[in-house]
Amino acid sequence: MNQVELPITPLPQPLDLLIVPRWIIPVVPAGVVLEEHALAVHEGRIVALLPVAHCEDLQVRERCERPDHLLIPGLVNAHGHAAMTLLRGLADDLPLMTWLEQHIWPAERRHVNADFVATGTRLAIAEMLRGGTTCFADMYFYPAIAAQTAIDCGIRAQIAFPLLDHPIPGVPDCASGLQQGLQLHDELRHQSLVSLAFGPHAPYTVSDDNLLRIRTLADEVDLPIHMHVHESADEIAGSLQQYGERPLQRLQRLGLLGPRLQAVHMTQVDDSDLALLSRHDVQVVHCPQSNLKLASGFCPVQRLLQAGVNVALGTDGAASNNDLDLLDELRTAALLAKAVSGEPTALQAHKALHMATLAGACALGLEQQTGSLEPGKQADLTLIDLGDPLLQPVYDPLSHLLYSSNSRQVSDVWVAGRRRLSNGQLATDLLPADIHQQVANWAARIKKEDQPDES
């Protein structure tokens, strides 16, 4: 397999960590699979990829030998609603707007508070880390609580503060949401793990005036805009009826299209939409399993990639997925891309992994920090055990990861060089001892009020 260039300057001694797996896929350079190589980490950053033969004289504080494992960059979940883990399975098998308007939004109005968000977000972070995700984008209520929970758990996150025309939990109106979000941005300005984004919910829930205000402020403070866009055919029809234009055309008119916009879902894409996305370098976030479950449509991933659009991967919330397993999402994305395009060669393994790592980092503006195993980047790392007898033989470790394994094979995870998962066991600070009771209490309350006994 491939080789890498040796470090030009001497490595620090002793190194904090040396990981020696069977295979390493750095993502950059593209298509490279390394064998008999090790990855060196010091002070939270990757300092070298080098042949194992050159590691004999290195002094290291910790040496992690994983002879049957594949090392990849930590996965980037580019869209979700973390605290909705507490609504997992509440209203399944329903159309999008019925699901939202008759079940999810009423449940949120009744139940969501700061404690709900703290418990649900911590549960989601544990699930994501257990599945190899080291960075996630969140869009949910009480963003300050979600941000602090991510910091406490030691995971990288982009927190979008939600903005709608009508009142939402914790915020009476869009103006107040903007004020709170900008204050939070100031408070977290020097945080290394957590960044912020504007989170207008969708074109159909935010007026022109508020979208213009969001665009102006985003330009001033240089923050991304994270937004559901073209999620369903009904959204397109409603926009045409109300505004006489498709949502993406309306966003162009209002000046929101650009590299800063993270357009989530994009299941409805015609030729004019494709041209706008490509021309303005819009970031697209693909959530295949949620879209399939809600029958929202199919994001044309292969056409987007061929047009030069950056496409990242997200799970969406656990209420519409119903899990936060990005490896499983990755397999669905690859298979769906082939079916939608009619091309069995669509979204091949290396491109698929790029979507779940570096493309996600690029979409969130974090490509200088994470998404690939390059010296100088933060040591966000995921090890996957391919040694199970039921997974043999292994001809191509990346193809095997994509089509034969799942998150249960994730063994070890580091964020900025800090181990968050060890031999399949989460770090002890991630979940309080009574988390099961906390979740059970919320579930009992929600079930009683939202799924009454009809007998």
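Me: How far apart are the mean positions of the positive and negative charges of the chain?
Reply: In this predicted model, the mean positions of the 32 positive and 54 negative charges are 1 Å apart. Lys and Arg count as positive, and Asp and Glu as negative, so His has no part in these counts.

Me: How much of the chain is buried, and how much accessible surface does the chain have?
Reply: Of the 455 residues, 59% are buried. The accessible surface comes to about 18200 Å², and carbon and sulfur atoms account for 49% of that surface.

Me: What share of the contacts joins residues at least 24 apart in sequence?
Reply: The share is 73%, taken among contacts between residues at least 6 apart in sequence.

Me: Why is Ser-411 called buried?
Reply: Buried means under 20% relative accessible area. Ser-411 has 7%, which is under that limit, so Ser-411 is buried. Ser-411 lies in strand 15, residues 410-415. Leaving out residues up to four places away in sequence, Ser-411 touches Arg-66, His-69, Leu-383, Ile-384, Leu-421, Ser-422, Asn-423 and Gly-424.

Me: What makes the pair Ser-411 and Asp-412 a polar contact?
Reply: The side chains of Ser-411 and Asp-412 are joined at 2.6 Å. The limit for a polar contact is 3.5 Å, and residues adjacent in sequence count only if both atoms are side-chain atoms. The distance is within the limit and the contact is between side chains, so the pair counts.

Me: Which other polar partners does the side chain of Asp-412 have?
Reply: One is the side chain of Arg-419, at 2.6 Å. Another is the backbone nitrogen of Asn-423, which lies 3.1 Å from a polar atom of the Asp-412 side chain. Both distances are within 3.5 Å, so they meet the distance limit for a polar contact.

Me: How do you know whether Asp-412 is buried or exposed?
Reply: Asp-412 has 0% relative accessibility, under the 20% limit, so Asp-412 counts as buried. Asp-412 is found in strand 15. Its contacts beyond four places in sequence include Arg-66, Leu-381, Thr-382 and Leu-383.

Me: Why does Ala-83 count as buried, and where is Ala-83 placed?
Reply: The relative accessibility of Ala-83 is 0%, under the 20% limit, so Ala-83 counts as buried. Ala-83 sits in the loop between strand 6 (75-77) and helix 1 (96-111). Apart from neighbours within four places, Ala-83 is in contact with Phe-116, Val-117, Gly-120, Thr-121 and Tyr-140. Between the C-alpha atoms of Ala-83 and Met-139, 56 residues apart along the chain, the separation is 9.4 Å.

Me: What makes Val-309 buried?
Reply: Val-309 has a relative accessible area of 5%, under the 20% limit, so Val-309 is buried. Val-309 is in the loop between helix 10 (301-306) and strand 13 (311-313). Among the residues Val-309 touches beyond four places in sequence are Leu-277, Ser-278 and Val-282. The C-alpha atoms of Val-309 and Ile-236, 73 residues apart along the chain, are separated by 21 Å.

Key: Residues are numbered from 1 along each chain as its sequence is written. This is a predicted model: local features need pLDDT of at least 70, side-chain atom pairs count only at pLDDT 80 or more; totals for chains, interfaces and linings use all residues. Side-chain values use heavy atoms; hydrogens and water are left out. Buried means under 20% relative accessible area, exposed over 50%, partly exposed in between (1.4 Å probe, protein chains only). Contact means heavy atoms within 4.5 Å. Accessible areas come from the Shrake-Rupley method with a 1.4 Å probe; for residues, only the protein chains shown count as cover. The place of a charge is taken as NZ of Lys, CZ of Arg, CG of Asp or CD of Glu. Helices (H or I, at least four residues) and strands (E, at least two) are DSSP runs, numbered from the N terminus. A polar contact is a pair of N or O atoms within 3.5 Å; within protein, one must be able to donate a hydrogen and the other to accept it, and residues adjacent in sequence count only if both atoms are side-chain atoms.
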